[in-house]
Amino acid sequence: MSNEQRAHDLTMFYVKMYYDFSKPCEDGHFEFDAISKYAELYPEIFKQMNIIFPN
């Protein structure tokens, strides 16, 4: 498995956990942008994967 795939899988896990534990707003809707959260997390997770699993 490549580091890109590892980072993607772990990022998706974190995004899902973030969503699962987020609370709805006062109107009952969730203010959650999965794409922004993914874009925020993936680069850092990928960087860490390259440190832990160097090619």
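Start by selecting Lys37: its relative accessible area is 16%, so Lys37 is buried (buried means under 20% relative accessible area, exposed over 50%, and partly exposed in between, with a 1.4 Å probe and protein chains only). Before you click on, note that this is a predicted model, where local features need pLDDT of at least 70, side-chain atom pairs count only at pLDDT 80 or more, and totals for chains, interfaces and linings use all residues. Residues are numbered from 1 along each chain as its sequence is written, and side-chain values use heavy atoms, with hydrogens and water left out.

Lys37 lies over the face of Tyr18, 4.1 Å from the ring centre (a charge sits over a ring if NZ of Lys or CZ of Arg is within 6 Å of the ring centre and within 35 degrees of the ring normal). Glu40 and Lys37 are 3 residues apart in helix H2, so about one helical turn separates them (helices, H or I with at least four residues, and strands, E with at least two, are DSSP runs numbered from the N terminus).

Lys47 is partly exposed at 46% relative accessibility, and Glu44 is partly exposed at 39%.

Next, colour the aromatics. The structure holds 3 aromatic pairs (rings of Phe, Tyr and Trp, the latter by its six-membered ring, pair if their centres lie within 6.5 Å; planes under 30 degrees apart count as stacked, over 60 as edge-to-face and the rest as tilted). Take Tyr38 and Tyr42: the ring centres are 5.6 Å apart and the planes at 10°, so this pair is stacked. Tyr38 and Tyr42 are 4 residues apart in helix H2 (residues 34–52), which puts about one helical turn between them. Then go to Tyr42 and Phe46, also stacked, with centres 5.7 Å apart and planes at 10°. Tyr42 and Phe46 are 4 residues apart in helix H2 as well, about one turn. Show Tyr38, Tyr42 and Phe46 together and you have one aromatic cluster. Tyr38 is partly exposed at 23% relative accessibility, and Phe46 is partly exposed at 23%.

Now pick Phe53. Which residue lies over the face of Phe53? Arg6 does, at 4.3 Å from the ring centre. Ile51 sits in helix H2 and is exposed at 58% relative accessibility.

Finally, zoom out. The protein chain has 2 helices and 0 strands. Its C-alpha atoms fill a box of roughly 50 × 15 × 15 Å along the principal axes.
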